[in-house]
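Let me put the structure up, and then I'll talk you through what stands out.

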Amino acid sequence: MIIFILRRLLLLIITLFLLSLVAFSLSYFTPHAPLQGASLWDAYRFFFSGLCQFDFGVSSINGEPIGAQLLSVFPATMELCILAFVLALIIGIPLGITAGVMRGKWPDLAISTLALLGFSIPIFWLSLLLMLFFSLQLGWLPVSGRIDLLYQLKPVTGIAVIDAWLSHSPYRHEMIVSALQHLILPIAALAVAPTTEVIRLMRISTDEVLSKNYVKAAATRGLSRFTIIRRHVLHNALPPIIPQLGLQFSTMLTLAMITEVVFNWPGLGRWMINAIRQQDYAAISAGVMITGSLVIAVNVFSDILGALMNPLKHKEWYALR
């Protein structure tokens, strides 16, 4: 197990180093790059030194420090991704287990059909449909942004709901409600794709667990189906799919860019797209480094977590020898 973890951590270090080369190339080889003019080695050493200090230089558009901009937009993206991922797990795991237990029956067909439909809908189109129906047609939810412009929310953590809860404003309750209302549509749109994948993974894993002898033995002992699912199916079906869930969280980071643009959400994705439009290569380099590092770290640590929870994963090292 220790060897397995060390291999994954070594993979993390190597991949982050390669990612730093990609980010450095955007700051050195592109037109009007901020590090042009210096030798290749001196430029990379300067870039890596700033990277270790979270210093990405200043924006060529507004002259503001890029690190400060990242600290203001990164929590907004994490707020969307984490809440959407939790929603995907809450909906996807029960539906996936239901589809696996009822495999071949009408609940399985209905759930699988809905999952396929949700997976097939482009997120930008779904976002626009939700906005048109719930915001413009019914008027139930706000169209865009994080909070109503009437409220002055002081950033503390960067997460709107928490900042509103920590606020001492006399309109604190209204600010919390406004922040929650602004979250509903972006989270709903962002959670659809990972929910369908969670359903698919749980369905396959549940069907595999149900074919095991210990589940059949539990059924012969007279245990109810609910007890078998709670004690045996859920406990054994979830750990093998944890690495795949890490991949889904990484995918959500890319989907969040589209969601943030549609809903005018002031997060990392919209910030990067604006940097690309304005050819701010220092900001693009920083965004690539931060986003890529997060994706790689989530994938590696979800793989390690899956190995810790799934003893069969421990044998991977020996199988590769």
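**Walking through the helices**

For the cut-offs, buried is under 20% relative accessible area, exposed is over 50%, and partly exposed is in between, with a 1.4 Å probe and protein chains only. F54 sits in the loop between helix 2 and helix 3, and its phi is positive, about 60 degrees, although F54 is not a glycine. Why point that out? Most residues other than glycine have a negative phi.

There's another of these in N264, also not a glycine, where phi is near 55 degrees. N264 is found in the loop between helix 10 and helix 11 (268-277), and it counts as partly exposed because its relative accessibility is 39%.

Some housekeeping. This is a predicted model, so local features need pLDDT of at least 70 and side-chain atom pairs count only at pLDDT 80 or more, while totals for chains, interfaces and linings use all residues. Residues are numbered from 1 along each chain as its sequence is written, and side-chain values use heavy atoms, with hydrogens and water left out.

Now the overall picture. The protein chain has 13 helices and zero strands. Those are DSSP runs numbered from the N terminus, H or I with at least four residues for helices, and E with at least two for strands. The C-alpha atoms fill a box of roughly 75 × 60 × 40 Å along the principal axes. The chain has 321 residues, and 43% of them count as buried. If you take contacts (heavy atoms within 4.5 Å) between residues at least 6 apart in sequence, 69% of them join residues at least 24 apart.

On to helix packing. Which residues does helix 3 use to meet helix 10? On the helix 3 side we have T77, M78, L80, C81, I82, A84, F85 and L89, and on the helix 10 side L245, Q248, F249, M252, L253, A256 and E260. By class, that contact divides into 12 nonpolar, two polar and one charged. Here Ala, Val, Leu, Ile, Met, Phe, Trp, Tyr, Cys and Pro are nonpolar, Asp, Glu, Lys and Arg are charged, and the others, Gly among them, are polar.

As for geometry, the axes of helix 3 (residues 66-101) and helix 10 (residues 242-262) come within 10 Å and cross at roughly 125 degrees. An axis is a line fitted to C-alpha atoms, for helices over the stretch in contact, and angles run from 0 to 180 degrees between N-to-C directions. Helix 3 and helix 10 are therefore oblique to each other; under 35 degrees would be roughly parallel, over 145 roughly antiparallel, 65 to 115 roughly perpendicular, and the rest is oblique. Their crossing is right-handed, meaning the near helix is turned clockwise from the far one by less than a right angle, with anticlockwise being left-handed.

The other pair to look at is helix 5 (residues 123-137) with helix 7, whose axes come within 9 Å and cross at roughly 145 degrees. That crossing of helix 5 and helix 7 is right-handed. I123, L126, S127, L130, M131, F134 and S135 in helix 5 meet L185, A188, A189, L190 and V192 in helix 7. The residues there divide into 10 nonpolar, two polar and no charged.

Last topic, charges. Side chains of opposite charge can pair when their charged atoms come close. A search of the whole structure finds five salt bridges, each a side-chain nitrogen of Lys or Arg within 4 Å of a carboxyl oxygen of Asp or Glu.

My pick is R203 with D108, at 2.7 Å from N to O. This pair links distant parts of the chain, with R203 in helix 7 (residues 172-210) and D108 in helix 4 (residues 106-120), 95 residues apart. Buried or exposed, these two, R203 and D108? Both are buried, and D108 counts as such because its relative accessibility is 1%. Leaving out residues up to four places away in sequence, D108 touches A99, M102, R103 and R203.

Helix 7 also holds R200 and E197, three residues apart, about one turn of the helix. Their closest N and O atoms are 2.4 Å apart. R200 is partly exposed at 40% relative accessibility, whereas E197 is buried at 13%.
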